[in-house]
Amino acid sequence: MTQYERMVRGLIYDPADREILDEQSIYQERLREFNQTNPAEYEKQQQYMRTVFAECGENCYFTLPFYANWGGHHLHLGSCVYANFNLTLVDDGHIYVGDKVMFGPNVTITTANHPIDPELRARGLQYNRDVWIGENAWIGAGAVILPGVHIGKNTVIGAGSIVTKDIPDNVVAVGNPCRVLRPVSDHDRTFYYKEDRIDRENL
């Protein structure tokens with residue numbers, strides 16, 4: 001079994017294997033070009049997302065720069081996904097993002113991990129675990145999502161949180177490690193910030 005095949009199967013593998021590096025370098029070069037596009041080059045940016053990403057729905061937009069080990073090649077986007085600047089993906093494994101997900105600035109999602117065993121780690125070996133983010137989730141600025149995590153739909157991850165375990169649907173979760181603070185409630189449907197009321201009749 002090749003190192004590439006081991007990577008795909010989620011086994012411990014050598015990411016410095018030449019077959020892997022040769023393919024990865026293609027996407028790294030395309031990512032460099034993507035990050036050099038101007039804000040007005042919307043169609044060029046969309047073309048990158050449609051051809052390089054594993055999947056990309058309609059009306060997705062990334063504020064550049066964007067960073068990813070594989071240029072987003074293992075990224076699966078639903079529709080209407082927005083990412084603010086400096087979204088960083090360690091996308092050696094796959095990352096699945098539902099419709100209408102929003103990422104604040106400086107969010108990191110990592111699928112790669114390294115063995116605790118010091119001998120294996122000294123050899124630079126790693127393994128990957130996929131990440132899932134449910135539809136309409138909001139990932140706050142500076143949050144870090146670790147390998148294998150599932151985040152539920154409609155959930156808010158507070159800024160600066162370190163998400164080490166699964167987070168369910170319809171909650172606000174914060175902290176390091178990230179924990180559920182409370183459910184999304186009727187209060188959130190009435191007030192958008194503390195006691196500032198949502199004027200739905202004008203929206």
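This is a predicted model: local features need pLDDT of at least 70, side-chain atom pairs count only at pLDDT 80 or more; totals for chains, interfaces and linings use all residues.
User: Which residues of helix α3 are buried?

Analyst: Buried means under 20% relative accessible area, exposed over 50%, and partly exposed in between, with a 1.4 Å probe and protein chains only. Helices (H or I, at least four residues) and strands (E, at least two) are DSSP runs, numbered from the N terminus. In α3 (residues 42-52), the buried residues are Gln45, Gln46, Tyr48, Met49 and Val52. Seen down the axis of α3, these buried residues fall within an arc of 155°, so they line one face of the helix. The arc is that of the directions from the helix axis to the C-beta atoms.

User: What does the buried side of α3 pack against, and which exposed residues does the face turned away from it carry?

Analyst: Contact means heavy atoms within 4.5 Å. The buried residues of α3 pack against α2 (18-35), β1 (61-62) and β3 (75-77). Glu43 and Lys44 are the exposed residues on the face turned away.

User: How much space lies in the largest pocket, and which lining residues lie nearest its centre?

Analyst: On a 1 Å grid over the protein atoms alone, a pocket is an open set of points where a 1.4 Å probe fits, with protein on both sides within 12 Å along at least five of seven lines; lining residues have an atom within 4 Å of a point. A volume is the space filled by probe spheres set on the points, which are joined across faces, edges and corners. Here the largest pocket holds about 540 Å³. Of its 20 lining residues, Trp138, Val156, Val172, Arg182 and Asp188 lie nearest the centre. Both α5 (186-190) and β19 (191-193) supply at least two residues of this lining.

User: What is the volume of the second largest pocket, and which helix gives the most to its lining?

Analyst: Its volume is about 150 Å³. Helix α1 (residues 3-8) gives the most, with three residues. The lining includes Tyr4, His74 and Asp130.

User: Is Thr110 buried or exposed?

Analyst: Thr110, in strand β8 (residues 108-110), counts as buried because its relative accessibility is 13%. Leaving aside neighbours within four places in sequence, Thr110 is in contact with Val90, Val131, Ile145, Leu146 and Pro147.

Note on methods
Residues are numbered from 1 along each chain as its sequence is written. Side-chain values use heavy atoms; hydrogens and water are left out.
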